[in-house]
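Work through the exercises below with the coordinates open. Try each task before reading its solution.

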Amino acid sequence: MRVGITGVGTHLPECEVTTTELQDRIGKLPRGLLARLTGIERRRIAADDEYASTLGLHAARAALAGAGHEPADVDLLLFASASRDMVEPATAHILQDALGSRAHAMDVTNACNSFVNGIDLARSMILAGRARRALVVTGETPSRVMRPRVSGMAEVRQAFAGYTFGDAGAAVVVEPVERGGILDVDTETYSEHWTVGGIPGGGSRHPRGDEYSYFTGDGHRLRGVFEKIGPSILDRVRARTGFEFTDYARILVHQVTLPYLERFIEVTGVPKDRLEVTVTSLGNMASATLGVQLHRAFPYLSPGDRVLLVGLGGGVSMMTMVWERS
């Protein structure tokens, strides 16, 4: 059996905030600092009455429509996202209630790799005969974990990664296909680096307190880890599949900042003309990044065209997926 992606949908909040506007809100900093360091010009921000499930719901409906299916046609619903509506219950249930499905529903969470992990899990369950057709959804609202004010450069450095964020939703339909589909999956995990960055609040370590609800991290250290593990996993994919970078119609890469992306290109040798650059206009959309890029590329792909997805996630993990359009 071959399993592939047959429908893609995304949703972007209407509110757009420039990096200049964001910097003016958080405190007095050197003019143009955030824009210069991130290369991000603007990003979308969810409204007060929009949640992770809200963004995911709109994307899910679009993905189902694109694949020619109704909610009742799905028997597995995965909400695969770093963001969620609440600690409990799983956001997948909130999404399913709004969508109107009766599928087996659960959350999949692994930082910015959540969405690709969700696609891989859906494929695995279909191959195992546990599901017939899956809907994998992410709704990312990382703007909610930005520190609202900073008092100096020390706080800026600690909270900097949070100021790269933008909000978005994405979804894909995963089901058996006659040709193509998901051809290869690989992962690399270095959990000794789990302290590099994250949101410490909401769990058993720090169940309460606003101070723990903001994203903090060491961006330079995180980039160093990815530079160390990135080339090796891409070399393995090349050796296993026989595909060179030029054999892909598009190469989709998780994007944190523009300098980060440029360094990734330099270290890995990925051709820039194969990329779908979203970070400058939409920021770091966490796990929705690859979904938004896939949605942008989807209309231009012909049957037989291959796409390489490269995910990077805190924890730290890296993931690749080779998909061929059916």
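**Exercise 1.** Is Y248 buried or exposed?

*Solution.* Y248 has 3% relative accessibility, so Y248 counts as buried. Buried means under 20% relative accessible area, with a 1.4 Å probe and protein chains only. The model is predicted: local features need pLDDT of at least 70, side-chain atom pairs count only at pLDDT 80 or more, and totals for chains, interfaces and linings use all residues. Residues are numbered from 1 along each chain as its sequence is written, and side-chain values use heavy atoms, leaving out hydrogens and water.

**Exercise 2.** Classify the aromatic pair of F298 and W323.

*Solution.* Step one: take the rule. Rings of Phe, Tyr and Trp (its six-membered ring) pair if their centres lie within 6.5 Å; planes under 30 degrees apart are stacked, over 60 edge-to-face, the rest tilted. Step two: apply it. Step three: place the residues. F298 lies in the loop between α10 (288-297) and β12 (306-313), and W323 in strand β13 (residues 317-324). They are 25 residues apart, so the pair links distant parts of the chain. Helices (H or I, at least four residues) and strands (E, at least two) are DSSP runs, numbered from the N terminus. Both F298 and W323 are buried.

**Exercise 3.** Which charged end sits over the ring of F243?

*Solution.* Step one: the criterion needs NZ of Lys or CZ of Arg within 6 Å of the ring centre and within 35 degrees of the ring normal. Step two: R306 meets it, with its charged end 4.0 Å from the centre of the F243 ring. Step three: check burial. F243 is buried, at a relative accessible area of 16%.

**Exercise 4.** Describe the surroundings of S81.

*Solution.* Step one: S81 lies in the loop between β4 (76-80) and α4 (91-99). Step two: S81 is buried, at 1% relative accessibility. Step three: its side chain makes a polar contact of 3.3 Å with that of T138. A polar contact is a pair of N or O atoms within 3.5 Å; within protein, one must be able to donate a hydrogen and the other to accept it, and residues adjacent in sequence count only if both atoms are side-chain atoms. Step four: leaving aside neighbours within four places in sequence, residues in contact with S81 (heavy atoms within 4.5 Å) include V108, S114 and S287.

Notes: Buried means under 20% relative accessible area, exposed over 50%, partly exposed in between (1.4 Å probe, protein chains only).
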